[in-house]
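Reader: I would like to go through the charged contacts here, one label at a time. Please give the value and the criterion behind each.

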Amino acid sequence: MLITIILMIVFAKAIYAQILIIMKHKIKFDKVNYFQLNKLGSRLKLSFSSCATLGNKIIGLDVVKKKLVIAEKINGLFRPFFIDLNKVSIISIQKIYSSIKAGDLKKRRVEEFLQSICIQLKFGNGDNTIILPFYERTIDDINKLRWIEGQARNWQMMLSKMLREKHRVVNEKRST
């Protein structure tokens, strides 16, 4: 009995050490990405008030200049894509589910059918749309789904607020 308890303690300490190592590397990865994004922003005279890491992408928002930068890491290099939020007309969240057959929801939760959560940025009349994935079933852990969905909603609200402010300013100018 005592040997079992000692083995369990040793095993628990080993797992705890592995978790700390993984977390350390994750934090280090994010710091490197944020540093790269800030370096890119400095070259382009952008100052990011909000940043997030999404898989192999990092996004940054310059509220003052109303620019969203999406930098995808390919072969160790960031490939940036810039979005002028002044040209965006609608920002929404899109959830894509796999097919649900009759009776499936009695056995499984609806979250188990969720394939992706994305933010859609529509331009002008809606002909051009950019899809920014936040959750992808094949990549992300389902246990982090609620946290990732919360992040997507926060970004959608933050970006939508900027659009409402833009429309409010335009309407105030028209009324004067």
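Author: Start with Arg109 and Glu112, which form a salt bridge. The model is predicted.

Reader: Why is the contact of Arg109 with Glu112 called a salt bridge?

Author: The closest N and O atoms are 3.6 Å apart. The cut-off is 4 Å, so the pair qualifies.

Reader: What makes Glu112 and Arg108 a salt bridge?

Author: Their closest N and O atoms are 3.4 Å apart. That is within 4 Å, so the label holds.

Reader: How do you know that the charged end of Arg108 sits over the ring of Phe113?

Author: The charged end is 4.2 Å from the ring centre.

Reader: Why does Lys67 count as forming a salt bridge with Asp84?

Author: The closest N and O atoms are 3.6 Å apart, within the 4 Å cut-off. Lys67 is in strand S3 and Asp84 in strand S4, so the pair ties together parts 17 residues apart in sequence.

Reader: Is Lys67 buried or partly exposed?

Author: Its relative accessibility is 27%, so Lys67 is partly exposed.

Reader: How many salt bridges does a search of the whole structure find?

Author: Five. Lys95, Glu149 and Arg153 are linked in a network of them.

Key
Residues numbered from 1 in each chain as written. Predicted model: local features only at pLDDT ≥ 70, side-chain atom pairs only at ≥ 80, totals over all residues. Heavy atoms only, no water. Lys NZ or Arg CZ within 6 Å of the ring centre and 35° of its normal. Salt bridge = Lys/Arg side-chain N within 4 Å of Asp/Glu carboxyl O. Helix = DSSP H or I, 4+ residues; strand = E, 2+ residues; numbered from the N terminus. Buried < 20%, exposed > 50% of the residue type's maximum accessible area, 1.4 Å probe, protein only.
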